[in-house]
Amino acid sequence: MNYFNETTLRDFLIPLKSNYIHASNIFAKLNKKDCISFLLNCAEKYKIFHENFSIDDLQETVNEWNNYLNYVQKNNPYTAQSKFEPTILEESMYRLFANFENEKIRIGNIKAYSNLYFSPLNFADFQEKSTVKINSKDQDFAIYKRVNIQISDNERTIDTFIPVVAFECKTYLDKTMLEGSIATAEKIKNGNPYCRFCIVTEFYEVDKKVDIKHSRIDQIYVLNKDAKRKSSKFSNISLEVVQLLQDDTQKHLNTQWSDVEQNIKNKGIVL
């Protein structure tokens, strides 16, 4: 007998959906009466995943992450466009780094700042005001800060979001997706060179001869490090990779990003 019916599942999801993107996905499909039987069965597994996800016990966390993800992969009735499975990874990233969130620092998916540019209508318009616009790029997950840019000559304020860590989350990564991520990394890091830009993917389907060293991607984390999607039906997320992802991110956030004077004094180098 299921723990959930439609009413109890909705009540369970309401306090979760504002923070957890996969819970929000389930809630939206529940409201659309979309594959209700699957959602009710899935919720049993999701509840266990939710209750056992803890950064203090990564082994148990990874076990339940695999259990829930494999259940979805085996039973998922939705098309890829519904993004039901991909939001599990995005939500897991949020859960892994939720402790970094405070009144100044936010985490989650954003439109990340890439560059600021001037776009006057004509010469007369240019003389009267600074027509400033901002480009941004969608990021699946980021640790970021909201920044207000004041434009004095036309008394305008622009809100934008500056990431210090940015992740693209992929169910699988192929060459075309990698090329798109390389372009995004270039734009994000032109706007903020101290941002760490990474990809986290469940499966890696890029030719092993392709080397990303020339790009501005800092790292690609392959959660299923021992398998390819084409040859593996289900996920086997690696505790080792999750731990490395956490450690590398923590190291970046604890590193001195820019202090030329101290770098020269201590090491005789600038960077």
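**A buried lysine and its surroundings**

Mentor: Start with Lys189: at 9% relative accessibility, this residue counts as buried. Keep in mind that this is a predicted model.

Trainee: Why does Lys189 count as buried?
Mentor: Because buried means under 20% relative accessible area, and Lys189 comes to 9%.

Trainee: Which residue forms a salt bridge with Lys189?
Mentor: Asp218 does. The closest N and O atoms are 2.7 Å apart.

Trainee: What does Glu186 pair with?
Mentor: Arg216, in a salt bridge of 3.9 Å, N to O. This pair also links distant parts of the chain. Glu186 belongs to helix α7 (residues 175-191), Arg216 to the loop between β4 and β5, 30 residues apart.

Trainee: How accessible are Glu186 and Arg216?
Mentor: Glu186 has a relative accessible area of 36%, which makes it partly exposed. Arg216 is partly exposed too, with 28%.

Trainee: What separates the C-alpha atoms of Arg216 and Ala185?
Mentor: A distance of 5.7 Å. Along the chain, Arg216 and Ala185 are 31 residues apart.

Trainee: How many salt bridges does the count come to?
Mentor: The count comes to 13.

Trainee: Which residues are linked in a network?
Mentor: Lys225, Asp226 and Glu240 are linked by salt bridges. For Glu240 and Lys225, the closest N and O atoms are 3.7 Å apart. Glu240 lies in helix α8 (residues 239-254) and Lys225 in the loop between β5 and α8, so the pair ties together parts 15 residues apart in sequence.

Trainee: Are those two buried or exposed?
Mentor: Glu240 is exposed, with a relative accessible area of 56%. Lys225 counts as partly exposed, at 43%.

Trainee: New topic, pockets. How much space lies in the largest pocket?
Mentor: About 550 Å³.

Trainee: What lines the largest pocket?
Mentor: The lining has 21 residues. Ala80, Lys83, Pro86, Glu90 and Thr171 lie nearest the centre. By type, the lining divides into eight nonpolar, seven polar and six charged residues.

Trainee: Which elements supply at least two residues of that lining?
Mentor: α2 (21-31), α5 (86-97) and β3 (156-173) each do. β3 gives the most, with four residues.

Trainee: Back to Lys83. What is its phi?
Mentor: Near 55 degrees, a positive value in a residue other than glycine. Lys83 lies in the loop between α4 (58-75) and α5. At 52% relative accessibility, Lys83 counts as exposed.

Trainee: And what about the phi of Cys35?
Mentor: Cys35 has a positive phi of about 55 degrees, although it is not a glycine. Cys35 is found in the loop between α2 and α3 (36-52). With a relative accessible area of 30%, Cys35 is partly exposed.

Trainee: Next, the surface. Which residues make the nonpolar patch?
Mentor: Val260, Ile264, Val270 and Leu271. The patch is about 420 Å².

Trainee: Where is Ile264?
Mentor: In helix α9, residues 260-267. Ile264 counts as partly exposed, at 45% relative accessibility.

Trainee: Now zoom out. How many helices and strands are there?
Mentor: Nine helices and five strands. From the N terminus on, the elements run α-α-α-α-α-β-α-β-β-α-β-β-α-α.

Trainee: What box do the C-alpha atoms fill?
Mentor: Roughly 70 × 45 × 35 Å, taken along the principal axes.

Trainee: How much of the chain counts as buried?
Mentor: Of the 271 residues, 42%. Lys189, where we started, is counted as buried.

Note on methods. Residues numbered from 1 in each chain as written. Predicted model: local features only at pLDDT ≥ 70, side-chain atom pairs only at ≥ 80, totals over all residues. Heavy atoms only, no water. 1 Å grid on protein atoms, 1.4 Å probe; cavity = no way out; pocket = protein on both sides within 12 Å on 5 of 7 lines; lining within 4 Å. Points joined across faces, edges and corners; volume = space filled by probe spheres on them. Nonpolar A, V, L, I, M, F, W, Y, C, P; charged D, E, K, R; others polar. Patch = residues over 30% accessible without salt bridge, like charges linked within 9 Å, V, L, I, M, F, W, Y side chains within 5 Å. Areas by Shrake-Rupley, 256 points an atom, 1.4 Å probe, with all protein chains shown as cover. Salt bridge = Lys/Arg side-chain N within 4 Å of Asp/Glu carboxyl O. Buried < 20%, exposed > 50% of the residue type's maximum accessible area, 1.4 Å probe, protein only.
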